[in-house]
Amino acid sequence: MKKSYTFLFALAAFAACRQQPQQSLTATNDTTSQHINKFSDATLRELYTLQDERKTVELLNFLNHPKPQYRREAALAFASVQDTLAIPQLLTSLSDTSAAIRTASAYALGQIGHKKAQQSMIRHLQQERHAAVQAEALEALGKLADNSGLNFLVNYRATNAAALEGQAWGLYRAGLRQVSSEQAVKQAVQWLTDSKLYEVRLAAAHQLARTPKLDLSPYRQQLTTVVTSDPSADVRMAVAQAFSKVNARDKASLLSGIVQSDPDYRVRLSAIRSMAGLEFEEIDKAILAGLTDQNINTAVATAEFLQANYAGADSNTLRKALAQVEDGRVRAGLIWVILRNSPEKAKLSQEYQQLYLSTDNPYDKAHLLKALSADYNNYQFIAKETFAASQPVIGTYGMEALTAMRQQGDFPKALEQNFADIFKQGIASGDVSLAGLAAGVIRNPKLNFREVYRDHTFLTEAQQKLVLPRDMETNIELQKTIDYLSGKEQSETPKNPFTHPIDWKLVQTLHPDQQVVIETEKGTITLELFVEDAPGSVANFVELVNKQFFDGLYFHRVVPNFVAQGGDKRGDGWGSSDYSIRSEFAPLHYREGYVGMASAGKDTESNQWFITHSPTPHLDGRYTIFAKVVEGMDVVHQLEVGDKIKQVNLILRAKTN
C-alpha cells in the first residue's frame with residue numbers, strides 16, 4: 001500500500017479557493033530547492049524517463065548500478081515496460097543483496113507474467129528468508145503459475161504473517177487466471193474461517209468470488225458464517241458475491257436477510273447480485289428493500305439485477321415500486337422490466353416515449369431511451385433519437401440499447417436487415433461511440449454478420465477518418481471487426497505513439513502528499529496524489545486541473561460497488577484527449593477510495609479517471625493508481641451518473657522561509 005509521509009506543512013487560508021495555474025505553481029516554487037520530492041534527483045528523472053519511453057536496453061544497464069536505490073527503481077520500471085527481454089536479468093536480481101531490490105524484481109516479473117520465470121521463482125522462494133520478498137514473490141508467482149506453480153503455492157508453508165498474506169494473494173491471482181484446484185478452494189475456505197489476518201481473509205474471499213466455474217455448495221455453512229459475522233465489510237461483500245456459486249434451499253432466505261440487515265450497502269447489493277436464478281416470489285421483499293435502499297447504489301444495482309433476471313418478475317409489484325422511486329436510472333431500469341414483461345407493450349411504449357420527450361435532463365433521457373429497448377417495436381424511435389441526439393450521452397445510450405436488442409435470444413428475424421443498416425449507419429456516422437459500439441456487435445459470431453456485410457470497406461473508410469491517438473479506443477474496435485469479417489486472426493493491438501513526455505518541471509513542484517479538492521454537487525472529495533509512484537499520471541492530472549479541464553464535467557459512469565468515473569468532456573465515456581500518456585504500475589493495491597486512470601488498454605490513458613468504492617484487486621497492475629481519497633468517501637458512495645464536478649483545485653501550501 002502507499003506509504004505515508006511525515007512532512008508537516010501549514011495549509012494556506014485560501015487553500016480551497018479558485019487559483020489560476022500560474023499562482024498554483026508560484027506558491028510552491030519557493031520550496032523547490034528543498035527537494036520537495038524524490039525527483040530532485042536527476043538520475044531518478046532519467047530512469048523514469050526511460051521507463052516512460054519504454055527503453056529496455058538502457059534500463060537494463062541500471063540493474064547493475066552500484067547504488068541500490070537505482071537498481072530498485074530500474075527493476076520497478078519493468079513492471080510498467082513489461083518487456084520479456086528483461087526476464088533473465090530480473091531473475092538474477094532476485095539474488096541481489098538488497099531485499100528492496102529483490103522485492104521490486106519479484107513484482108516486475110509478476111507484471112510481465114511470463115511462465116518461463118516460474119521455476120526460477122519457485123527455486124528462489126525455497127531459499128528466500130526475508131518476509132517482504134517472500135510476500136511479493138508468492139503473489140507474483142500467482143500471476144504466472146501453471147498447475148505446478150499452483151501446487152507449490154497451495155503447499156507453501158508460510159513462517160510469517162507477510163508471507164501468508166502473499167500466499168493468499170498468490171492463490172487469488174492464479175484463480176483470476178482460471179488456474180485453480182479443489183485443494184486451493186479448500187485452503188481459501190479454511191483461511192476465511194480461521195485466519196485473524198484481514199489481508200488473508202480478503203484475498204481468500206476474492207479468490208472464491210472471482211475464480212470462474214467454481215461450485216461452492218459444499219462450503220455453504222462456512223460461507224454463511226463468514227458472510228453474516230466477519231468483522232470486515234470488505235470480506236463480507238466478497239463472500240456475498242461468492243454466494244452466486246452456491247446452490248442451497250435456504251439461499252433465498254439467507255441472502256434476503258443480508259439485504260435487509262447488513263449495515264454496509266456494498267454487502268447488501270452484493271447479496272442482491274447473487275440472487276440470480278432464484279424465484280421472484282422468494283426474494284420479492286429483498287428486491288423491494290433494495291429498490292428503496294437509503295444508498296442509491298443499492299437501488300441501481302437492484303434495478304440492474306431485475307433487468308438481467310426479468311423473467312418471472314411480477315409487474316404489479318414493480319409498478320408499486322416505480323411509484324416510490326425518484327432516481328431516473330432506477331426508474332428506467334424498472335420501466336424496462338415492466339415493458340419487457342407486459343402484454344400491452346404498444347400502450348406502455350407510447351406512454352414511455354412521451355415521458356422521454358418531456359424529460360430535459362440528458363442522462364435521464366439516455367436512461368429512458370435504453371428502457372424503451374424492452375419493446376422491439378421501439379427500434380425506429382430509438383434509432384431516430386440516437387442519430388439526432390444533440391448530447392453525446394443520449395446517442396451513446398441509444399446505440400447501446402440497439403446493440404443489446406440485437407443480441408437478445410428472441411430477436412425477430414424479420415428485423416435483421418433493418419438493424420444491419422442501423423449499425424452500418426453508426427459506423428459511418430463519424431461519432432466515435434456510435435462507430436465503436438456498432439463495430440463491437442458486428443463481430444459477435446452468433447449473429448453471422450459476415451454473410452450480411454460481404455463488402456466491409458465502410459469499416460476501413462470509417463477507420464481512416466479517426467484522429468489518433470484521441471480515437472484509439474474506436475480504432476481498436478474497428479480493427480477487431482475488420483479482422484473478424486475478413487476471416488483473419490486478430491491483429492496486434494495498435495500502440496499509441498509516445499507524444500506526451502513527463503513534465504518534470506511541474507513534477508518537482510509537487511509534495512509527496514500533495515492534495516487536490518474535487519467539489520461536486522454531492523459534497524467535497526479530497527485526494528492525495530502519489531507523485532513519487534506515478535509522476536507522469538500525476539503531472540498530467542495536475543496540468544488538466546490547472547487548465548480547469550474538469551470543471552463543469554460530470555461523473556458519467558458509476559458502477560455500484562465498483563467505481564465512480566469522471567473526466568470526460570463528452571460525458572459518455574468515449575471522450576479522450578489529443579494525446580495519450582503511459583501506464584505506470586507500482587506495487588500499490590486498489591482498496592476503497594483509490595484513484596486510477598481509465599484506459600482502453602496499456603498506454604492509452606489521457607483524461608478519464610475513476611474512484612473505487614471498495615477493494616478491487618482485479619484492477620491491480622492493469623490500471624495506473626495515482627491517488628487516494630483522504631476525505632469525502634461518504635460523498636463518493638453517494639455519487640450518481642450525471643452528478644456534476646463543480647471544480648477541481650490543488651490545495652496550495654504556505655510559503656516557507
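The model is predicted, so local features need pLDDT of at least 70, side-chain atom pairs count only at pLDDT 80 or more, and totals for chains, interfaces and linings use all residues. Residues are numbered from 1 along each chain as its sequence is written, and side-chain values use heavy atoms, without hydrogens and water.

**Exercise 1.** Describe how helix H8 packs against helix H9.

*Solution.* 
1. Locate the elements: H8 spans residues 131–142 and H9 spans 147–155. Helices are DSSP runs of H or I, at least four residues, and strands are runs of E, at least two, numbered from the N terminus.
2. Take the geometry. The axes come within 9 Å and cross at roughly 145 degrees. Axes are lines fitted to C-alpha atoms, for helices over the stretch in contact; angles run from 0 to 180 degrees between N-to-C directions.
3. List the contact (heavy atoms within 4.5 Å). H8 gives Leu138, Leu141 and Gly142; H9 gives Gly149, Phe152 and Leu153.

**Exercise 2.** Work out the strand order of the eight-stranded sheet and find its edges.

*Solution.* 
1. Read the order: E3-E4-E6-E5-E7-E2-E1-E8, an open sheet with antiparallel pairing. Two strands pair if DSSP finds at least two bridges between them.
2. Find the edges. E3 (557–559) and E8 (645–650) each have a single partner strand, so one side of each lacks a neighbour in the sheet.
3. Check one pair. E1 (residues 515–520) and E8 pair over five bridges. Ile518 has Val648 of E8 as its bridge partner.
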